[in-house]
Amino acid sequence: MKLILLGAPGAGKGTQAEIICEKLSIPTISTGNIIREAMKNGTEMGLKAKAAVESGALVSDDVVIGIIRERLQESDCANGFILDGFPRTIPQAEALDALGVEIDCVLDIDVKDEAIAARLGGRRVCPACGASYHIEYKKPVTDGICDACGEALIQRKDDAPETVLDRLNVYHEQTEPLKDYYRGTGKLKSVPGQDRVEDTTKLVFEALGI
Ligand code: ADP
Ligand code: ZN
């Protein structure tokens, strides 16, 4: 299964990707996580990306296409993968096509803008392993602590309310046109994002026939 997850920031792509990844034993490739890791490690790419990420803008197509090209060559991608956060622009989708990647399904998780603001405000992430939580919808077992690795959770800088509005605008302008792009290929499926993670998962599994 080669799957693309589409949807606004905070729609639940990462959360659902984690669940599908476990069920199908295929890796999730999150450009957001790869970029944040590079920023944390202070690599050249990370330093270049920092200003864009923190202001809610997109990192340049060249950089993310390079990341994806390299990552898809790794052996764990041979039986399929889930792309979370890529493509995010039409040129990125065209680059994926040019790499000869045959996508099976593009799953759009649809959440209204008003709900997005509340979701991102309550999001907490683990700076060590990248796991994502929500103070109401996806609580860790112990408040403020990552279930997976025990680190103290933090709020992402780009989840600040003023940056969230910019990210939503970027989504509508640059990423949402991908729905039409993929609708044209007959591969687009859409599910309405639900408040409870497991309710969305049920719809996602139905849509994917898994
Ligand atoms: P979210 O889905 O919550 O918006 P991500 O973790 O997917 O967050 O992405 C965080 C930031 O990383 C984006 O706002 C953007 O700056 C950068 N980024 C991630 N993926 C891409 C991409 N495919 N193209 C350009 N920038 C990206
Ligand atoms: Zn962790």
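Throughout, buried means under 20% relative accessible area, exposed over 50%, and partly exposed in between (1.4 Å probe, protein chains only). The model is predicted, so local features need pLDDT of at least 70 and side-chain atom pairs count only at pLDDT 80 or more, while totals for chains, interfaces and linings use all residues. Residues are numbered from 1 along each chain as its sequence is written, chains are lettered from A and ligands numbered from 1 in the order in which they are written, and side-chain values use heavy atoms, leaving out hydrogens and water.

1. C77 is buried, at 3% relative accessible area. The structure holds 0 disulfides (pairs of cysteine sulfur atoms within 2.5 Å). For C77 the nearest cysteine sulfur, that of C21, is 11 Å away. C105 is also in no disulfide, with the sulfur of C21 17 Å away; C105 counts as buried because its relative accessibility is 5%.

2. The metal site is worth a look. C126, C129, C146 and C149 coordinate the zinc ion (ligand 2) through their SG atoms at 2.3 Å. Donors here are N, O and S atoms within 2.8 Å of the metal (3.2 Å for Na, K and Ca); water is not among the atoms, so sites may look incomplete. The 4 donor atoms subtend angles of 98 to 122°, so the arrangement is tetrahedral (four donors, all angles between 85 and 135 degrees). Along the chain the donors follow the spacing C-x2-C-x16-C-x2-C. C126 is buried at 3% relative accessibility, whereas C129 is partly exposed at 41%.

3. Next, the interior. A nonpolar core is a set of buried Ala, Val, Leu, Ile, Met, Phe, Trp, Tyr and Cys residues joined through side-chain atoms within 4.5 Å. The largest has 26 residues, of which I4, L72, F81, L83, L96 and Y182 touch the most other members. Elements supplying at least two residues each include β1 (2-7), α3 (44-55) and α8 (177-183), and α4 gives the most, with 5. Helices (H or I, at least four residues) and strands (E, at least two) are DSSP runs, numbered from the N terminus. Apart from this core lies another, of 22 residues, among them L5, I109, I116 and A207.

4. Two backbone details deserve a check. The F86 to P87 peptide bond is cis, with omega near -5°, and P87 sits in the loop between β3 and α5. S25, although not a glycine, has a positive phi of about 55°; S25 lies in the loop between α1 (13-24) and β2 (28-30) and is exposed at 64% relative accessibility.

Terms used:
Tetrahedral: all angles 85-135°; square planar, octahedral: opposite > 155°, others 65-115°.
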